[in-house]
2 protein chains.
Amino acid sequence: MWKDRRLCDLLEIDHPIIQAPMAGASTPEMAIAAANAGAMGSLGCAMQTSGAVQADMRRVRSGTNRAVNLNFFVHTAPRTNPERAVAAQNRLAHWYDQLDAGDIPAAVETHYPFDAEMCDAVARLAPKAVSFHFGLPHSAMIKTLKAEGIVILSSATSVSEARFLEENGADAIIAQGYEAGGHSGWFLPRGAAEVAGTMALVPRIVDAVSVPVIAAGGIADGRGIAAALMLGAAGVQIGTAFLASPESSASDTHKRSLLAASGDDTMMSKAFSGRHARTLVNKYASEMDKVDDWPDFPVMNTLTGPLRKASAKADSGDAIALWSGQAVGLIRATSTADVISQLVAQTEAILAR
Amino acid sequence: MWKDRRLCDLLEIDHPIIQAPMAGASTPEMAIAAANAGAMGSLGCAMQTSGAVQADMRRVRSGTNRAVNLNFFVHTAPRTNPERAVAAQNRLAHWYDQLDAGDIPAAVETHYPFDAEMCDAVARLAPKAVSFHFGLPHSAMIKTLKAEGIVILSSATSVSEARFLEENGADAIIAQGYEAGGHSGWFLPRGAAEVAGTMALVPRIVDAVSVPVIAAGGIADGRGIAAALMLGAAGVQIGTAFLASPESSASDTHKRSLLAASGDDTMMSKAFSGRHARTLVNKYASEMDKVDDWPDFPVMNTLTGPLRKASAKADSGDAIALWSGQAVGLIRATSTADVISQLVAQTEAILAR
């Protein structure tokens, strides 16, 4: 049914649909189900050691021999800023008290960088694709991965970023619009300018690069997929539609909040991780909305970690990062395989009109 | 070529495309050209007396007998707030000095409300449609307009607003996404939540109401129109694509800035009018980005009026409201008629694939 086969051929998948990697919510089971349904399954490896990545990949391989994608964050190293750390800890104190979340952690990085060891481990695992967020790693690493036949993907939130990614080795570009849930992939300076919505971003990136463009942000049903194809995208990356599935490791509180949400109730917040990420509006994010001087990503992630866990444990959505895109009002609590088969059937019906 | 005829039938137009009303930039000549090209031409009447509206409508009638739309703002009356006015005047002072813009005006409203006199005048003019921004006027006025066979349109930036508009008499709803240039039509409380992008907003509003939905925001070529139709929209409203046309009364500085822009260089700013409106990033808007306590709309519009004129006169884009949507990177400086014929041809080609 797919007339444009660029992404299917590049990634060896039946449907040009990527199940978005969502560190903390996507699981090997989700990736297996997505891959076996003919889409691209993804693992979000941003907060994992190379050992954990290898273990997850073994689980995936036990369930599917189809294409999978490993995602890594390639953020710049956080600056040490004791003043910001203390200010953040002070702002968080009453939340830690209220949710009985224990001591606020020290301001240290707990993410694992995409370093030489991780790169070598990934090259040995040889997934079909590796996607990056916040840019690309060093060109030598891109070369190492490509030597294993691994397809390189990365997210662009502007035409400039798309051009940068193409020039630096990306084989396809994820055009991530403003609507997208979780972390914005934004990585080049933009002053006061805002990230464009998917409708405006995709055709401009399609005009600017020659590699296939994957639309992301605000897409959760066949209408969105058909629309993305009209804009010139070769395929889509979808996250939120999988977040309430049984294969998602999002907390029950998070899943319930998603199923009750409309999509007119999301906001960008830096208050969970130190970088802009889209969440459902809740008490914590609203309270912190105007604060802009948080410690750098991902140190801020460390500082809020126990608070978010305590909030989930108390079955309160008040202080969880309720990651969600703006199409959340369209999702249902069905299995990953069902989500994909419905997306495909809906798109086919719309395109056949 | 249009399989979905709902909007064409409702508005008596050949193509389901509305040339957006843009107070200060759209002109009777633009409306005439759009209408004669088979689209819906619109006049932005927000800052006009009823006499001026009648004069513009006479000009339009001398050039076309096809359907036209008159647009009005139905904002709540601004509160008197001398403290905010003084604070704003202080913030503006160095800009008035720098651009030799004369005295800062007094903090008064200079818009014309959609009152009984205006309503009667519009009912007598009997345009095919009247569109409102920021909600709807009193139900008695809606009744007066409908008694003359006038179609009522209004903008929604959320599902709640769309439902409100349908329940209060709108015959079609403009789903205005985050990407849209100029003033956001936002009118119901939304806390910290952000306006959704067009891709996420349109299908959710389509699911929520039974009247036709018109997609607006981020659409500037046939790809965007085809995408909007896939999302379930009955048609589109397009503004930015007409702003650089010879029929636009935008300043030359504004037009040049639009033609040089990518769409990754816009921002929402309250600093021109007191309400959120999308502009190209410039020095004034960037400087005022974090200021939130401006006098109410449209008093702030009055305060910046001479400054904006002086900036345009000096051929400087530094302090003009450079209204623009996020698809601006797709536009060209062709005539209104050419824009429409290209939009139609592009859409036809894409849908025929």
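A residue counts as buried if 20 or more other C-beta atoms lie within 10 Å of its own, and as exposed if 12 or fewer do. In this predicted model, A:V122 has 24 other C-beta atoms within 10 Å and is therefore buried. The residue belongs to helix 5 of chain A, which covers residues 116–125.

Apart from residues up to four places away in sequence, A:V122 touches A:L70, A:V130 and A:L145. A:S50 and A:V122 are separated by 72 residues in sequence, while their C-alpha atoms are 8.1 Å apart in space.

## Two copies and their contact

Chain A can be superposed on chain B with an RMSD of 0.0 Å through a turn of 180 degrees, with a shift of 0.0 Å along the axis. The two copies are thus related as by a two-fold rotation axis. Both copies use the same surface, in that 100% of the contact residues of chain A recur in chain B. The residue of chain A that comes closest to the rotation axis is A:A227, whose C-alpha atom is at 2.0 Å.

Chain A contributes 46 residues to the contact, and chain B contributes 46 residues. On the side of chain A that touches chain B, at least two residues each are supplied by helix 7 (159–167), helix 8 (198–208), helix 9 (222–230), strand 10 (266–269) and helix 12 (283–287) of chain A. Sorted by class, this side of chain A holds 20 nonpolar, 17 polar and 9 charged residues.

## The parallel sheet of chain B

In chain B, 8 strands are arranged as an open sheet in the order 1-9-8-6-5-4-3-2, with parallel pairing. Its edges are strand 1 (17–19) and strand 2 (41–44) of chain B, each of which pairs on one side only. On average, and with direction ignored, neighbouring strands of this sheet are turned by 25 degrees against each other.

One of the pairings joins strand 6 (residues 172–176) and strand 8 (residues 213–216) of chain B, which run in the parallel sense over 4 bridges. Within this part of the sheet, B:I173 has B:V213 in strand 8 of chain B as its bridge partner.

## The nonpolar core

The largest nonpolar core comprises 196 residues, and those with the most contacts inside it are A:A175, A:I214, B:A175 and B:I214. When neighbours within four places in sequence are left aside, the contacts of A:A175 include A:A156 and A:A162, then A:L201, A:V202 and A:I205, and also A:V213, A:I214, A:A215 and A:A216.

## Backbone details in the loops

The peptide bond from A:F297 to A:P298 is cis, with omega near -5 degrees, and A:P298 is located in the loop between helix 12 and helix 13 (299–313) of chain A. In chain B, the peptide bond from B:F297 to B:P298 is likewise cis, with omega near -5 degrees, and B:P298 lies in the loop between helix 12 (283–287) and helix 13 (299–313) of that chain.

Positive phi values are found in two residues other than glycine, A:D315, with phi near 55 degrees, and B:F134, with phi near 75 degrees. A:D315 sits in the loop between helix 13 and helix 14 (336–351) of chain A, and because it has 11 C-beta neighbours inside 10 Å, A:D315 counts as exposed. B:F134, by contrast, occupies the loop between strand 4 (129–133) and helix 6 (139–147) of chain B, and B:F134 is buried because 20 other C-beta atoms lie within 10 Å.

Definitions and conventions: Residues numbered from 1 in each chain as written. Chains lettered and ligands numbered in written order. Predicted model: local features only at pLDDT ≥ 70, side-chain atom pairs only at ≥ 80, totals over all residues. Least-squares fit on C-alpha atoms with pLDDT ≥ 70 in both. Contact = placed C-beta atoms within 7 Å. Nonpolar A, V, L, I, M, F, W, Y, C, P; charged D, E, K, R; others polar. Pairing = 2+ DSSP bridges. Axes fitted to C-alpha atoms, helices over the stretch in contact; angles between N-to-C directions. Core = buried A, V, L, I, M, F, W, Y, C linked by C-beta atoms within 7 Å.
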